[in-house]
Structure formats: structure tokens, C-alpha cells
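Please look over the sequence and the model shown here before reading on.

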Amino acid sequence: MIAFILLGIMALVAWCVAGEGPWGAGITFLCVLFAGLLAMNFFEPLADMLASITNTGMWLYRWDYIALVGLFAAFVFGLREISNRLVPTFFQTEEIIYEIGRWGFGVLTGYVTMAFLLTALHTAPLPRTVTKTGIVEFLGFQAEKGNLFGFHPDRQWLGFTRFVSARGFARSDEQNRFDNPIYRIGGQGGPDNPWPSFPIRYAARREQLGGQVVAAPVPTTNPGPTNPSPTNNNAPAPSGGADGF
């Protein structure tokens, strides 16, 4: 179910963006890309601030999703408005370049939008229940599995965000990188494999919302964070255990 919804979102966005022509579609793609990165950077501090202001249990677990999606929409709108006023919106090109350009950027924009919204589902205040027969979540979504017919657009987006924060937009302080801490699975004599905490801690929180307070799904080999606790105070850090991540 979730895979078909994701394909629908991607197709709808691609069709809408392609209608702007190759130049407009390219600008929209950059706006969506930078809006997603900015939203990922600022949503946790904003959610913490809103949670401290409201201080109510009903809204406590909702601010992450509201802040993430709200910032994304606001940044897309703002960047698109700025681009409309600063750069031209149309260039005359050959027909084949026109078609390849508009549909190429349209598909890229649709994929980035779909990957971002799938990532945002991790923060949604929807229950996750662990039963004897498996894990029950909403619309077939599972943090452990590829939700797009085996592919992991959300993991790709999280990896891209962490890569950008560690490279092009890195600060001198390593603690300011996105998604610290990370959990490491050590191999016997092999290099460590970093596992970001984002899907783990939000899955643990959804299990609490589902009525089961269980050990968080952290791999059992070399457990424990390599850095201080997560920056988001709304999402409790996992304490150990394993659940297929």
C-alpha cells in the first residue's frame, strides 16, 4: 500500500513540475532539494521549542512531524518566490532538450519530494506495535524495510543529509553534524558500520505510542552511542536490544 502511495506522490509532483519547462523545473528541483536540507537541519530545535511552550502530552509527539513538514513547505514556497523574482523562468531550447530537461528535473523533484515525505513518516505520531507475527505499522510502512518495492528512499535521503552536513555544510564542531549520535555494528575483524539514530529512536517512540514500551532496536554487537544523546528531547534515545535495523 505504502509503495503505491509513494509512486503516486512521485508521479504527481513530476507531472506538475514538468509543466514549468526545463528551466523552471530545474529551479524547482533546486528549491525542493535545499528546502529539504534546511528543514532537516532546523526541525528538531523548532519541535523542542514548540513542545516546551505547549508542554501538553497530546501535542508532545506531534511537533516533530508538524515542524518537519511545515518547514519544508515554507522553505519551498519561500525559495520559489525568491527565484521567480531573481531569475528568468523561460529559455527557448530545442524540442528534444526541452522534453528531456523538463521530465528529467520533474522526476528528480518527484523522487526527492517522495523521499523527504517518507522520511517525515518516521516522525509521525502513529503507533507501531510489535506482535508475535511481526511488526504492525500504518499503511504497511516499516522503518526496517524498503518501503518502495525494496528500495529505501528514506535511508537515501538521511544518508544524503548526513553527507552534506559532514562535507559541504560541515562546521568545525563534529557534534553539529546531522543525526549524531550514531550506533555502530562491529564486524569480527572488519570495519565498523555506522547506523544513524534517526530511524531507531523514532521507531522506539512509535512503539511507546502503540502501547508497548519495549527495548529500542539497537544492534546487539557493540551497542551504545558513540556520541552524546540525541539532540531531540521529544524522542527518547533507545537503550538497547535488536529489531532488525
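The sections below describe a predicted model.

## Confidence

The protein chain has an average pLDDT of 75, and 66% of the residues reach at least 70. Over residues 187-192 the pLDDT falls below 50, and this stretch makes 6 contacts in the model beyond near neighbours in sequence. Residues 212-245 also have pLDDT under 50. For residues 212-245 the model has 96 contacts beyond four places in sequence.

## Cysteines

The disulfide count is 0. Cys-16 has a relative accessible area of 42% and is therefore partly exposed. Cys-31, at 7%, is buried, because buried means under 20% relative accessible area.

## Nonpolar cores

The largest nonpolar core holds 24 residues. Within this core, Met-40, Phe-43, Leu-68, Phe-116 and Trp-157 touch the most other members. Two or more residues each come from helix H2 (21-54), helix H4 (63-86), helix H5 (95-121), helix H6 (153-166) and helix H7 (198-209). H2 supplies the largest share of this core, 10 residues. Another core, of 10 residues, lies apart from it and includes Ile-2, Leu-118, Leu-121 and Leu-148.

Which residues does Trp-157 touch, not counting residues up to four places away in sequence? They are Leu-33, Gly-36, Leu-37, Met-40, Val-112, Ala-115, Phe-116 and Thr-119.

## Aromatic pairs

The model has 7 aromatic pairs. In one of them, the ring centres of Phe-4 and Phe-149 are 5.5 Å apart, with the planes at 85°. The Phe-4 and Phe-149 pair is edge-to-face because its plane angle is 85°, and planes over 60 degrees apart count as edge-to-face. This pair links distant parts of the chain, 145 residues apart: Phe-4 is in helix H1 (residues 2-18), and Phe-149 is in the loop between strand S2 (134-136) and H6. Phe-4 has 57% relative accessibility, so this residue counts as exposed.

The rings of Phe-29 and Phe-105 also pair, with centres 6.1 Å apart and planes at 40°, so this pair is tilted. Phe-29 in helix H2 and Phe-105 in helix H5 are 76 residues apart, and their pair links distant parts of the chain. Phe-29 is buried, at 15% relative accessibility, whereas Phe-105 is partly exposed, at 31%. Ring pairs also join Phe-72, Phe-116, Trp-157 and Phe-160 into a cluster. In this cluster, Phe-116 and Trp-157 are among the residues that touch the most other members of the largest nonpolar core.

Notes:
Residues numbered from 1 in each chain as written. Predicted model: local features only at pLDDT ≥ 70, side-chain atom pairs only at ≥ 80, totals over all residues. Heavy atoms only, no water. pLDDT = per-residue confidence, 0-100. Contact = heavy atoms within 4.5 Å. Disulfide = S-S within 2.5 Å. Buried < 20%, exposed > 50% of the residue type's maximum accessible area, 1.4 Å probe, protein only. Core = buried A, V, L, I, M, F, W, Y, C linked by side-chain atoms within 4.5 Å. Helix = DSSP H or I, 4+ residues; strand = E, 2+ residues; numbered from the N terminus. Phe/Tyr/Trp six-rings, centres within 6.5 Å; stacked < 30°, edge-to-face > 60°.
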